[in-house]
Every structure is written in C-alpha cells, then in structure tokens.
Amino acid sequence: MRYLPKSPADREAMLRAIGARSIDDLFAPIPNEYRLNRDLRLPRQMSEPEILEWFQKCSRENGKGLPSFLGAGAYHHYRPVVIDTIISRGEFLTAYTPYQAEISQGTLQSIFEFQTMICELTGMEVANASMYDGSTATAEAATMAMRVSGRRRVVMARSVHPEYREVLATYGQHQDMPLTAVGFGENGRVKMAELERILGEDCACLVVQSPNFFGTIEDVPALAELARSKGALLVVAIAEAVSLGIVKPPAEADIVAMEAQSFGVPLGFGGPYAGVIATREKYVRQMPGRLVGETRDKHGKRGYVLTLATREQHIRREKATSNICTNQALIALMANVFMTVYGREGLKELAKQNLAKTAYARQHFGRHGKALFDGAPVFNEFVLQTVEDPYVINSRLLEENIVGGFPLKKFYPELGNAALWCCTETTTRASIDAVGAVLARAQTAGKRRPEPEPEVVR
Amino acid sequence: MSQVKKATRHVNQNEGLIFEKSSPGKAAWRLPPLDVPEVDTADLLGEAERADLGHMPEVSEIEIIRHFTRLSTWNYAIDLGMYPLGSCTMKYNPRINEAVSRFEGLANGHPYQPERISLGALRILKTLTDCLLEITGMQAITLQPAAGAHGELTGILLVRAFLQKQGNPRKKILIPDSAHGTNPATAAMAGYAVENLKSNSAGMVDVASLAAQMNEDVAALMLTNPNTLGVFEQEIHKIADILHGKGGLLYMDGANMNALVGKVRPGDFGVDVMHLNLHKTFSTPHGGGGPGSGPVACKNFLEPFLPVPVIVTKADGTLGFDYNRPQSIGRVRAFYGNFGMHVRALAYIMANGPDGLRQTTEDAVLNANYIRKGLEGVYDLPYKTPTMHEVVFSDRVQAKKGVRTGDLAKRLIDYGFHPYTVSFPLIVPGAMMIEPTESESKEELDLFVDAMKSIAEECEKAPDVVLEAPHSTRVSRLDEVAAARKPVLRWKP
C-alpha cells in the first residue's frame with residue numbers, strides 16, 4: 001500500500017522489539033467471535049490513474065460547466081486562483097486545531113484576521129472562528145439567544161431559507177423551544193403587522209434572513225426596533241455574503257449568523273461551506289464555537305491563542321454552549337483569502353456587478369412573467385412567476401444547456417408557478433438573453449392553453 | 001539541545017497583520033467589464049445601500065501570497081512530521097483526494113441542480129455509503145453530519161426518536177468518565193441528562209456498575225471503542241446485552257475506528273448506532289480545525305428516523321434523493337453534508353482496497369505498541385491493559401521534579417515534534433495520550449522515542465529546560481490567562 005512507510009523487514013523488526021510473534025498477537029484483545037476473518041467487500045486497491053478516471057467520469061456526469069441561474073443558499077462566484085494556492089500549503093491543509101499555540105501561529109493569526117473582517121463586514125463586535133454552515137450557525141444563534149434572554153420562544157420568518165428553518169426545528173425540538181412562523185408581505189419582506197401580533201414578552205428572539213430567501217433585503221432597523229420593544233433579540237441570517245459589499249450591514253442585530261460560502265468557496269454540491277456567528281461583545285460568553293484572541297508571550301511579543309474555552313465542550317462538557325468541536329477552519333481560510341483579495345473596494349465593485357446583472361435579468365424576464373415582490377430592494381436573486389410550470393421551463397432550458405432557476409413549489413406552494421432566479425458576476429448577458437428567449441416561447445405556449453392565471457396567496 | 005536529531009533551527013519571516021499592510025489604492029482584483037447596463041445603486045437600494053467597507057484591507061496579490069505563505073511557515077503539520085495527537089488520528093492526507101475533489105463537475109456542482117445532471121455526485125454518495133456500511137457492518141447511513149460532534153447529535157436524536165415512538169424517550173445517557181467532552185455536550189443538546197459511568201482498574205467499562213446503573217430511564221450508552229486509553233472494550237457483548245436487556249441502545253463514538261477497520265466491525269459486536277470521522281479514519285485533511293465529516297451508521301430499526309433526504313435507487317434504477325420520510329428527525333444541515341469530504345474519503349478507500357485498509361489498521365496498532373514498548377519504564381503507564389492504536393502514559397514520575405504533562409509536551413516541540421494530547425483522558429492525572437497512526441515510519445518512531453527519553457533525562461538533570469520550553473519557536477509560551485481576562489478578539493486601528 002503506497003501510503004504506508006514500512007518494509008516487511010521493518011514490520012518484522014518492530015514485532016520482535018515488542019515481543020509479539022505476529023501482528024495477530026496485537027489484536028488478541030478483540031474477542032475471537034467478532035473478528036472479521038475475510039476481506040471487506042470493497043473495490044480492490046486502485047492505482048492513481050484508475051482513481052482519476054473514475055472520478056473524472058463522475059465529474060463529467062455532474063452538469064460540468066453549464067451556465068446556471070441557481071442560488072437559493074449556494075452561490076457561484078469567481079474564485080481567485082490564489083485561494084487554492086494558499087489553502088493547498090501543507091502547513092495549513094494538514095495541521096490540526098491550533099491548541100499548541102507556539103507552533104500554530106499561522107492558523108491562529110489567520111483566524112484572528114478572519115474574525116476582524118467578519119466584524120467589519122457585519123457591523124458586529126465579535127465573530128467566532130466558524131460553524132459548520134449557515135444553517136447550523138442560524139440554529140445555534142437561536143439557542144444562544146435563548147441563553148442570553150432566559151426566554152424560550154423563537155419567532156422565525158418564513159422567508160428564511162427553508163432548509164435553515166428545518167435545521168433550526170431539528171436543533172430546537174428537545175430544547176423546549178416553541179417555534180412560531182411569521183409570513184411575508186406583498187413586497188417580500190416580513191409582515192410587520194403580523195409580527196407585532198406574534199412577538200411577545202416570552203420570545204427569546206426573532207430570526208430573519210437578509211437578503212431573505214427571495215433575494216429581498218429586509219428592513220433590519222425596523223425589525224430590530226420591534227424586537228427590542230418586546231425584549232427579544234434579533235438574529236439576522238445572511239446566506240449571500242457578497243451582498244455585504246453593497247448592502248448596509250445588519251448592525252442593529254444582536255446576533256448575525258452567516259454563511260461564508262460566497263467568499264471563494266466552491267459550490268461543491270452543497271459542502272463543505274463555512275458558517276460564522278457574530279455578535280455584540282456583551283454576549284461573547286454565550287457564544288458557541290472557537291475564538292482566537294490576541295495576547296503576549298513572556299518576552300512581550302504579540303501572539304494569538306484559542307481563548308474563552310470555558311464555553312466549550314472539552315472544558316464544560318454537558319454545560320457547554322454547544323457540542324461543536326471540529327469546525328470549518330480551512331473553508332474559513334478560503335473566505336479569509338477571498339476577503340483579502342477583494343478588500344475594501346473590490347467587494348463593493350463585485351457586489352455592484354451582481355446587482356447590475358440581476359436588475360437586467362429581472363427586467364428582461366419580467367416581460368415574460370411576473371417579477372414578484374416589488375416595492376423592496378433585492379440583491380442578486382428575484383422571484384419570477386410564470387404561466388407555465390417552472391419545472392417544464394427548466395427542462396426546456398436544460399435542452400439548451402442552461403440550468404434554470406429554483407422552482408419554489410416545494411417550499412412555497414402558495415406562490416404557484418414561481419421560481420427563484422439568481423445572477424452573479426459570472427452570469428453573462430448572453431445566457432440571460434438565451435433564457436429570455438425560452439421564457440418568451442413558454443409564455444406563448446402557455447397562453448395557447450386555457451390555464452387560469454396563478455393566484456398569489458400570501 | 002544537542003540531542004535534537006529531527007529538526008534544525010531555521011530563519012522564518014516576520015509578518016504583521018494584513019490590516020497593517022493596507023493602504024488605499026492597492027488592489028489584488030480586477031473584474032471583467034460589465035456586459036449589462038450599469039445601475040444606480042442608490043436608486044435600487046435606497047436606504048439599504050452601504051456607505052463604505054470600513055477597515056477591510058487594500059493590498060496587492062504578491063503581498064497576499066507572501067502574507068499567507070509566511071504565516072503558513074509558522075505552523076506544524078503532518079506534512080512536516082509525526083503529529084501524535086491521541087484520538088485525533090493525524091494520518092497522511094493523500095493528494096489525489098485533493099485532485100479529484102477539484103474536478104470541475106464536482107467542485108462546481110450546485111446542490112439544487114436537477115438530479116439527472118447530478119448522476120456523478122449521486123454515484124459518489126452511493127458508493128461511499130455502500131463502502132462505509134460494509135466497513136462498519138451496519139445497515140443504514142446518513143452522510144449529512146458535518147463533523148464528529150454533529151454526528152453524535154444526529155445519532156442520539158435517532159435514539160430519541162426511536163424510543164419516543166415506543167412511547168417513552170427516557171431521561172438520561174450513560175457516558176464513561178474516559179469519554180470525549182463532545183459526548184456529554186451532545187446528550188444535553190438532545191435533551192438528556194448525563195450520568196457518569198466509572199471505569200474499572202483495567203480502564204474499561206465496569207460491567208457490574210453498568211448493570212447496577214442500567215434501568216428504564218437510560219436511553220443509551222455512548223461508548224468509544226477502543227476507548228480513549230486505546231483499550232478495546234473486551235466485554236462489549238455483555239455491555240450491549242445489559243443495555244438491550246433494559247430496552248436501551250448502544251451508541252459508538254467512532255473516533256477510534258482507525259484501530260478496527262478491516263479487522264472487526266461494530267455492527268457485529270452489538271452497536272446500534274455510531275458515527276465515523278472521515279477526517280480521522282478516512283484521511284480527509286484537518287485543515288487547521290476542519291472541515292470534517294461525521295456520517296452516522298445504524299441498524300435497520302433506526303433507518304426510518306434518518307435525516308432527510310436519503311439517497312435511494314429509484315424504480316428505473318437511477319439514483320435520487322428521497323424526501324418523503326414522515327418519521328425523520330429532520331435535517332441537521334442544509335443540503336447533503338460536506339460532499340467534498342465524501343469525495344476525498346472515497347478516493348482514500350479506493351486507493352487502499354480491502355487489503356490496504358487492513359494493513360493500515362495493523363500498522364497503526366503496531367506503531368502504538370512500538371512506542372509503548374519504547375517508553376515503558378521511562379514514563380508511567382497507568383493502565384497495563386493491551387494497547388490498540390494509541391497509548392496513554394502519565395507524568396507521575398516527572399511530576400516529582402515539578403514537570404507536568406503540559407511542560408513535557410512543550411519540550412517535544414523543540415525536538416521537532418507536535419505534542420501528544422495533553423491531560424486527556426480525564427481519568428489519568430497528567431495524561432500523555434499518544435496516537436502515532438500508520439503514517440509513521442520506524443525511523444520517525446525511533447526519533448520520537450529518543451526525544452521522549454531525552455526529555456525524561458532532562459527532567460532529572462535540568463528540569464528548567466523543560467519547564468521553560470519551547471525555546472526554538474517564534475513565540476514562547478503565550479499568556480492565556482491575560483487573553484481570557486481581557487479578550488482582544490479582533491484588530492482595531
């Protein structure tokens with residue numbers, strides 16, 4: 001086996017040194033009756049070219065390189081080359097969690113920079129080293145709000161990513177966390193009147209997403225004011241991090257739960273991504289996950305360490321703020337490099353291009369369907385209602401080698417034939433125009449059939 | 001320092017924080033020209049428009065490469081040498097894993113793209129699923145959990161859902177005193193109380209205490225096997241029987257699965273549900289703390305409760321996701337888990353095959369026993385029970401000179417090694433938990449044993465050298481107390 005650095009003679013010499021007759025002696029503690037006396041039924045040992053070929057075939061059968069209008073919590077942005085150059089360095093790639101600070105300063109300082117940039121972008125005062133993804137960050141932000149407020153009920157907007165909502169429900173089911181939903185209005189934003197009724201003195205927090213699942217930017221200051229008036233915390237989830245380049249940060253929130261995938265992390269069929277929790281300084285001791293802090297060594301030299309570990313499972317065990325141990329460090333490093341490459345001006349310009357492409361597509365597609373949720377700004381996604389079923393439209397688009405928007409029927413049946421379309425800086429005008437042409441044909445085809453105009457129920 | 005054979009001091013570059021290099025007008029990016037009309041952002045966003053991006057850095061590309069390259073040289077890594085952290089399984093991370101995970105169709109696949117253009121990803125998930133079921137001897141699996149602790153939560157939620165369906169979710173989880181901290185933290189997140197289970201003098205579960213503590217309030221026992229002492233729980237069948245006899249379930253923490261692959265299968269010794277750590281046993285890189293992946297495998301009676309979606313073979317023979325699972329515990333994560341880690345783990349399994357995996361396990365156990373033999377008599381071995389893939393010594397002898405496990409660990413750094421796991425498991429005062437993995441050659445192990453012996457000698461002759469260690473790193477011991485007392489968690493201008 002090519003990964004094993006021992007010759008048969010080495011093994012013999014080591015067994016002799018130990019005083020064992022054969023390797024089986026060392027497995028004697030395992031009761032005989034349970035030992036596996038056959039080969040595992042697995043693919044035989046393969047060479048490098050065979051493995052490459054097997055995965056190349058898989059790659060070819062996985063929509064390789066098709067232009068796509070899918071977003072919905074996973075975004076295709078250009079990834080600067082230097083990201084992979086840097087994360088491929090063995091010293092980052094093959095290091096463990098930086099518990100031994102003296103020989104982990106590289107990882108520790110980069111996390112400290114990551115925490116700083118997340119604070120700058122979100123308007124929060126502290127950020128952690130990472131969570132698994134945006135969905136678990138959101139769930140753990142809600143349980144954190146329960147600890148901070150001493151209250152139990154969580155109110156969550158239906159315009160939060162449906163899978164984030166499912167994860168929060170899973171996390172909360174045995175935490176004595178009653179969960180209430182609040183709907184969205186004509187403009188796609190949280191319905192304020194309904195929220196006013198629902199939000200009570202028993203609420204730990206209000207969870208919203210901005211831009212929300214429909215791409216609509218929520219009125220965070222107004223939501224914060226209403227939450228505060230009831231003594232509840234405001235948790236703002238961000239699934240599309242690039243929005244922070246041009247959209248005002250949710251500085252009025254108490255906790256921000258973010259997905260950093262847009263910052264240079266490949267789509268990778270859904271993972272690995274990187275979640276982050278950011279909050280106010282006064283809540284830091286209720287935060288889950290690792291934190292890096294600055295300190296000095298005995299000669300007064302600046303250095304970095306993992307800190308406030310008394311929140312964590314290896315110290316507090318069942319009283320810890322979370323069971324999280326392994327997080328998404330290398331993915332956070334990708335995001336860190338991405339933020340460093342684009343920086344203060346680049347992120348703004350990048351976000352502007354997303355905005356422009358989306359505005360163009362929304363206007364263009366709107367001629368062949370109804371762009372829903374007018375009256376509130378969107379970032380790089382929008383909902384288009386069509387006469388024809390979006391699955392049918394998507395099939396037609398796929399014939400032209402384009403992946404269409406995300407049909408919303410599964411999660412929002414009340415929106416009828418609606419789909420969520422996403423444009424990023426990588427979306428070309430040519431592909432938008434090509435979709436427009438297919439939508440135009442669909443519209444004509446739809447009109448020939450006596451189908452009732454889909455009703456919008458909210 | 002004359003006896004240090006593995007490492008030599010070498011100049012490394014100083015480097016400040018990236019913010020300290022920033023100045024307006026520098027840039028490392030360029031966007032293609034916009035091919036659609038420009039927009040008036042104020043007009044589109046109104047009140048929601050952002051004014052500026054504060055102190056985000058402005059630097060050039062060469063500065064970025066140098067910044068991170070310099071930082072990287074301050075890290076220790078498996079690529080540099082032995083990384084004997086106990087229960088962490090710091091094995092070689094094969095580079096073909098990285099290559100295949102970056103193939104365009106896999107790296108750029110969108111989780112919501114239609115199933116008919118996702119056949120490659122689905123085949124990878126299905127093949128990995130089949131391999132892991134064969135390796136564990138279990139019957140059903142989810143790949144959704146993102147790490148070991150996340151897998152634990154998923155597994156205990158499965159237990160709870162099953163018991164709930166029987167009519168009573170029960171109240172508590174039994175956890176041995178040698179367990180990793182994630183176990184009790186997980187039990188609490190699943191709404192259970194934690195009851196400690198004492199180990200016996202051999203470092204194993206005390207079967208008599210288990211029998212006494214087991215009752216109808218106990219939902220499950222969370223057991224690591226081999227346990228954190230590197231000891232195989234020989235009475236595992238009795239343990240399983242005691243639990244099952246009172247309607248409880250046996251959960252296995254698979255952190256130490258590297259001692260078992262190809263030799264014995266948890267499904268064959270009474271385990272009902274377990275998680276695997278693909279970032280330990282199956283070679284996906286630790287990346288400075290993650291990402292991991294924590295698949296959960298279980299017996300058929302827990303299958304209906306697995307998180308949505310599960311991968312299925314449809315009537316027409318094609319693969320797809322099944323979301324219609326009314327008894328599911330729900331989702332534990334968006335999408336399908338850390339797919340990129342699934343790709344890497346499968347590449348590792350293919351590179352090994354059944355013979356390679358068995359040889360890997362044998363070498364891992366051989367290496368741990370070789371270290372045990374080399375250091376027995378030099379360091380105190382609190383439990384003489386046979387060692388599997390890791391061995392736990394204590395600082396009892398050296399503590400008499402005032403040198404503790406943490407000091408010994410820091411001194412090991414000067415000898416060119418990453419320390420072992422310090423002060424864990426908690427049942428061993430002054431624990432030194434050493435897991436070499438299969439990735440170390442006899443030469444590297446000999447250097448390690450020499451280094452440990454040399455440090456033991458220093459404890460006798462010049463304990464201050466050890467107490468002040470490390471001496472060769474760019475920073476000396478850092479003030480952790482000050483860091484926690486007045487936390488500085490971000491840079492400020």
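Tutor: Buried area is the accessible area (1.4 Å probe) that two parts lose on being put together, summed over both. This is a predicted model, where local features need pLDDT of at least 70, side-chain atom pairs count only at pLDDT 80 or more, and totals for chains, interfaces and linings use all residues. Residues are numbered from 1 along each chain as its sequence is written, chains are lettered from A and ligands numbered from 1 in the order in which they are written, and side-chain values use heavy atoms, with hydrogens and water left out.

Student: What is the area buried between chain B and chain A?

Tutor: The size of an interface is often given as the accessible area lost when the parts come together. Here carbon and sulfur atoms give 64% of that area. The total between chain B and chain A is about 17100 Å².

Student: Which helix of chain B gives the most residues to the side that touches chain A?

Tutor: Helices (H or I, at least four residues) and strands (E, at least two) are DSSP runs, numbered from the N terminus. Chain B has 15 helices and twelve strands. The top helix spans residues 339-375 and gives 28 residues. It is helix H10.

Student: What radius of gyration does chain B have?

Tutor: The radius is taken over C-alpha atoms, and the globule rule is 2.2 Å times the number of residues to the power 0.38. For 493 residues, a compact globule would come near 23 Å. Chain B agrees with that, at 25 Å.

Student: Is B:Gly288 buried or exposed?

Tutor: B:Gly288 lies in the loop between strand E6 (273-276) and strand E7 (296-298) of chain B. Contact means heavy atoms within 4.5 Å, and B:Gly288 touches residues of chain A, including A:Phe92, A:Tyr96 and A:Ala329. Buried means under 20% relative accessible area, exposed over 50%, partly exposed in between (1.4 Å probe, protein chains only). At a relative accessible area of 2%, B:Gly288 is buried.

Key
Lists of a residue's contacts leave out its neighbours within four places in sequence.
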